[in-house]
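Please read them with the structure open.

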Amino acid sequence: MFRYVRPRDLDEAVAALAAGGDSASLLAGGTDLLVSMRQGLVAPAVVIGIRGLPELNGIGPHGEDPLRIGAGIALTDLAEHPIIVARYPALAQAARSVGSRHVRNMATLGGNLRLPTRCWYTNQSENWRASRIPCWKTDGGLCHVIKTSTTCRAINSSDTAPALLALDARLEAVSVRGRREVALADFYNDDGVNHTTLASDEIITAVLLPAARVRTLFTKATARTGLDYGYGTLAAAVTGSNRAIRSARIVAGSVGSWPVLLAHAGAIIVERGLNESAIADAAAAAREDLGEVANLFSPPGYKKRLVRGLVLQVLEQLRRQKLPVD
Amino acid sequence: MAGRKGNFSVVGHSQPRLDGAEKLTGRATFTDDVVLPGMLHGKIVRSPLPRARILNIDTSAARRLPGVKAILTHADAPKVYVGIEQPLFRKDTVNYVGDEVAAVAALDEATATEAARLIRVDYEPLPAVLTMKAAQLPDAVQIHPKAKGNIAWAQNSDLGNVDDAFAASAHVRTDQYTTAASHNCYAEFHAVVADWSRPDKLSVWTPTQTALLFQKSIARALGLTDGAVRVMSLHTGGGFTGRSAARPHHFIAPLLSRQAGRPVKIRINGDEEFIVCRAGGEVQYRFRTGVSAGGLIRAFEADLSFDTGAYVESQMIVLTLTSSYIHSLYKLEAARYSGRLIHTNNIPYYFHHGGGIAQMAFGLGLHTDALAREIGLDPVEFQLRNAVTKGHTNMTGTFIGSCGLTECITKVTKKAGWKRKYGKLPPLKGIGIGVGAMASGAKGVFRHDTSAAFIKVQDDGTMSLIIGLPDMGQSSHTAMAIIAAEVLGVQPTDITVIAGDTDITPLDVGAFTQRGTFNTGNAVKAACLDARRQIEKTAAAKLGVKPARLVFRDRQIWPKGEPDKAMTFRQAVYDTLHSREGRFVMGRGFYNSPKETGTMAYSFGAQVAEVTVDPHTGIVTVDRVIAAHDVGRAINPRIVEGQIDGQIFSGMSQVLYEEMLLEDGQVMNPSRLDYKMPRSHEMPAVEHIIVESVDPFGPFGAKEVGEGPIVCTLPAIANAVANAIGAPVNDMPITPWQILRILGRSKPRDT
Amino acid sequence: MADRQFITLTVNGDRHRVPVAVQDTLVDVLRNRLGLMGTKRGCTSGACGVCTVQGDDGRAVLACLSLAVEWDGRALTTIEGVATPAGLHPVQQAFLEFGAVQCGACTPGLIMTAKALLDTNPNPDEADINEALAGALCRCTGHIKVKEAVRQAILRMAAATTEEPDGRTEG
């Protein structure tokens, strides 16, 4: 069984995390951790309750960044925050699509960013896993999904991650060693096990959004609306006018071990602008950006077709969106 | 009581369900809420492999764990069988992932879980048979010696001169379909509490659709007489045909209890539920239909293969059900049925919502739709030309005493604007029709199909209605109270329905094959007529008229035409008891259909669905469903609507979402999260049309409504999707990837 | 045997001092320690909603994913705390009248979900209703009569709040 500690502030929290080493887990919303613990995927010796820590709250301008969002914000609050809804709709849409409202009342932004990757060979009960040989994720040496893979191919199903990656956000992380910032683009790894570059003694404290007059959109293809991980998600953020696009960041989520920046697709839009023919070519190029796709939760052929379709849908909607005003 | 037109005081008026307040305030007791003194918690040890030899079972570490009070393996129950060639615990081989090998009971769940983990079973994996195709290869592993070629059961029948009828047909078409393995996913997970601490009496608390069948199968398996087993069916959180038979845990809990000398609760958690429920396995269909030049069906041939999994208990019923289905819908000259249950090392097949018939209707609806188009007929016209009608006796010998099928089809297509829309919608929008029929009870389990009822009338004018029929949400208890209230001229709220204790409640085969309203309803009516006659005697003497002249209504009794002479119902009951005779009013009745086999009545229905297909994601949105259902007489119209709603949901769920994905015999998506069912947002707008054909044999003319609608929903939506994408679909569920694959293949549809 | 610690938990207005094990969830505490069986045990992984309770901020919370030790000093409402001696809550009454209850296994979760929605947003639109209900599985009703009942409850609760304090309605 585990020990539960409840730090009163961030200093106590990072100290407890450092002391716990690899066998401490942070408990914010609990909507993922408790399930993982029940399934025996993680068995921490110490559970550190960080829900409501004052340093993780708050949303507002912060120095040169137009917006700093405390990582402890409940996803319900994030989805409904007027500034987010008005200026970064993709983030509000992404937050709103996580789980159900029940889950969003409990789950936090920080928790969703760190969401462990999922795979139907591992996210099961212990009894279920007893039928299978251990894999990369469960201390074994193979992948059940792509048999030749030398790394874990479990899928990153965070919804806020692709939205924030499209927005070119940064994260703030704190440990006993101090505070650092990391671009979200450098935060994720294409690895189902070590899926982030966060050190085991670090806590994500905030998300920092850069200044930009940006048109953004997030969409999630799911079997049903609510309480579903996506078959695939797509987030896009463009700056500039349709004829003179300055930047186009298009990100696919829930299709690989990390959110995938569709670089070729984005380059086509920057080069040619946001018009019907460029959009069609970008959508076709997106398939190449995906690389090898795992047969998890839906067939790989579907995932590739889906991403293409989502790129078409999202870019077309962005094209018709008015330019943002300050 | 009033005649055909229906001038009823209670029947036909929407009533809130009698147990509603209890459920709404959290006071309704479900099996997991049962807590008994000294109660232990049980866990089952299951095979992780689809087929293996058991080399050794070592329970020693579990025995040493403090708090463990009972451990069972095959040696403790060698003679207990739950199915054909299926002992309760496996001794030599395990035959599917989930097969029961051992069980423990301990002071709390955590200890029981730990004890189960400590039981060490050594297996030698054996080659497993995981598909029907593999099972039927000549050199396939024989899963059970007696099931040659892995065929567990087969049923073949020829009615009429099949080959001649095909030869004489102007047009013949053949189609093949599959439906996937699925799961009922009720809101209440399986649970059972058993108390066998008294050697002479075993008490079992469980959700169930049939306390009687549970009682009998538990008694038989454990070597007890029926009377030594008391089954208490508390509130049942959904049945959907999946709770019509006892499961291994219903036998394991009693045995653990006997060994420990204390009550034992087993509660099935999480992924284990997907093994225990065992709803539908994969089914493959081939339909061949021959029609005349005018589009009338002459011959029909169905060939069905069911992946019945590792064992057979009562699944052979599905062959009977699917073999007779075509005759409930259409008039035809000849029919051939070939069906078989095929053993594999997958989870044993059991019923999903729709009982095998709705799943068959998926393909049947697509097939008849395609056939109609091939011969240049509007699909609706095809259905109208072939639909059965009142007065027809079909090839299985069933007389159709009431039939609203044509009326349903006509009304639903008119409301949907079928003629305006069919063939004229833009690409990716579709409209489709599905028709269906459902037997209101049918003989086949026993020689009888009896329901019985008692009614006990108190001298304050209230009464207890004592029946054996469980209520799993379909509101059967309220319907029975309405029938009783109508006969006795009182209000349903004057009646307390007592059900669900085999020590007290009378015989009732149960709430499946949609027999509740029809059979138990008739029994209740008979019991109340018996009670009424007793009261009539008193009232007739008091009012000075012959008993036959008395009207019972609005809690009063008066001679017909003379309401000013009324006396209260309560007074009449009081006088009956407080008399020299001192007669306590008690009525009894039973109903057993006079037929040898088959059903007394079918309900009928037709639905039209409209869908939109997203070409980028392949996701289908059901925009609208209009449902017409002939229920004979709507005892409680709001409940009928609710049944239609729920079955449209369930049908839509099966057509577009549900699929139990099996790999190496293991369920890959054993959770409410990954096994997909839609939620609130996906539900279309639904419009109801209730048709009342007033069956001559049903209570107040009522027929079933518990599964008729869903049979229509599957083909309606399937046809709408095929219409939207302008291409055939053959596999259920119609997944987004199936849609994208088809769209990628086919040419753009001509509008 | 796990060590026990005590928490103070207010449930439906009643303050309890309860011994809990560190791994106990609110479902364990409510059902096994306080004997409040109305909150149901379902999938225990957050996907079905039958364990829904209402937190101190009025929002719907999943009891199966809430560690009891995190609720020390806090308050919540369960299904047992919804009706009053005066009668059913408007949401419950509407469910009853509109036929939104069938088997009843999901009903406590749905009632708590609907109540939490209306307590935090008295005038939700169709999308808000669908969004709130998405977290609660109902296998029997297809959600249609559930939504009809919720819409009716919205009207009735709004009408109730326009009454004068002494019970007279406005206008």
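1. Chain C splits into two domains: domain 1 covers residues 4-81 and domain 2 covers 90-161. This is a predicted model. The C-alpha centres of domain 1 and domain 2 of chain C are 21 Å apart.

2. How many residues bring domain 1 and domain 2 of chain C into contact? There are 14 from domain 1 of chain C and 14 from domain 2 of chain C. On the domain 1 side, strand S3 of chain C (residues 52-54) gives the most, with 3 residues. That side of domain 1 of chain C holds 6 nonpolar, 6 polar and 2 charged residues.

3. Next, the contact of chain C with chain B. It involves 41 residues of chain C and 43 residues of chain B. Four helices of chain C each supply at least two residues to the chain C side: H2 (90-98), H3 (107-120), H4 (126-133) and H5 (144-161). The largest share comes from H2(C), with 4 residues. By class, the side of chain C that touches chain B has 22 nonpolar, 13 polar and 6 charged residues.

4. Chain B also contacts chain A. Here 23 residues of chain B meet 23 residues of chain A. On the chain B side, helix H19 of chain B (residues 736-745) gives the most, namely 3 residues. The class count for the side of chain B that touches chain A is 11 nonpolar, 6 polar and 6 charged.

5. Chain B has a three-part division, with each domain built from separate segments of the chain. Domain 1 of chain B takes 20-29 and 445-591. Domain 2 of chain B takes 34-126, 187-238 and 243-277. Domain 3 of chain B takes 319-332, 355-436 and 601-745.

6. How far apart do the C-alpha centres of domain 2 and domain 3 of chain B lie? The value is 38 Å. The contact between these domains consists of 6 residues of domain 2 of chain B and 7 residues of domain 3 of chain B. The domain 2 side of that contact divides into 4 nonpolar, 1 polar and 1 charged.

7. Now a helix pair in chain B. Helix H11 (residues 379-386) of chain B packs on helix H12 (residues 405-416) of chain B at about 160 degrees, with the axes 9 Å apart. The pair is therefore roughly antiparallel. H11(B) passes H12(B) in a left-handed crossing. From H11(B), the contact uses Val380(B), Gln383(B) and Leu384(B). From H12(B), it uses Thr406(B), Ile409(B) and Thr413(B). These contact residues divide into 3 nonpolar, 3 polar and no charged.

8. Strands of a sheet pair through backbone hydrogen bonds, either parallel or antiparallel. In chain B, 4 strands form an open sheet in the order S18-S26-S27-S30, with mixed pairing. Strand S18 (429-439) and strand S30 (685-691) of chain B are the edge strands, and each pairs on one side only. From one strand to the next, the twist averages 15 degrees.

9. Within that sheet order, look at S26 and S27 of chain B. Strand S26 (residues 602-613) of chain B pairs with strand S27 (residues 620-630) of chain B in the antiparallel sense over 10 bridges. Val611(B) has Val622(B) in S27(B) as its bridge partner.

10. Strand S4 (residues 59-62) and strand S5 (residues 65-70) of chain A pair in the antiparallel sense over 3 bridges. Gly60(A) has Arg68(A) in S5(A) as its bridge partner. The hairpin has 2 residues between S4(A) and S5(A). In the turn, Gly63(A) has a positive phi of about 60 degrees.

11. A cis peptide bond joins Met732(B) and Pro733(B), with omega about 5 degrees. Pro733(B) lies in the loop between strand S31 (731-732) and H19 of chain B. Separately, Asn150(B) has a phi near 60 degrees, a positive value in a residue other than glycine. Asn150(B) sits in the loop between helix H4 (132-135) and strand S9 (151-159) of chain B.

Note on methods:
Residues numbered from 1 in each chain as written. Chains lettered and ligands numbered in written order. Predicted model: local features only at pLDDT ≥ 70, side-chain atom pairs only at ≥ 80, totals over all residues. Axes fitted to C-alpha atoms, helices over the stretch in contact; angles between N-to-C directions. Parallel < 35°, antiparallel > 145°, perpendicular 65-115°, else oblique. Left-handed = near helix turned anticlockwise from the far one by under 90°. Contact = placed C-beta atoms within 7 Å. Nonpolar A, V, L, I, M, F, W, Y, C, P; charged D, E, K, R; others polar. Domains from an automatic or database assignment. Pairing = 2+ DSSP bridges.
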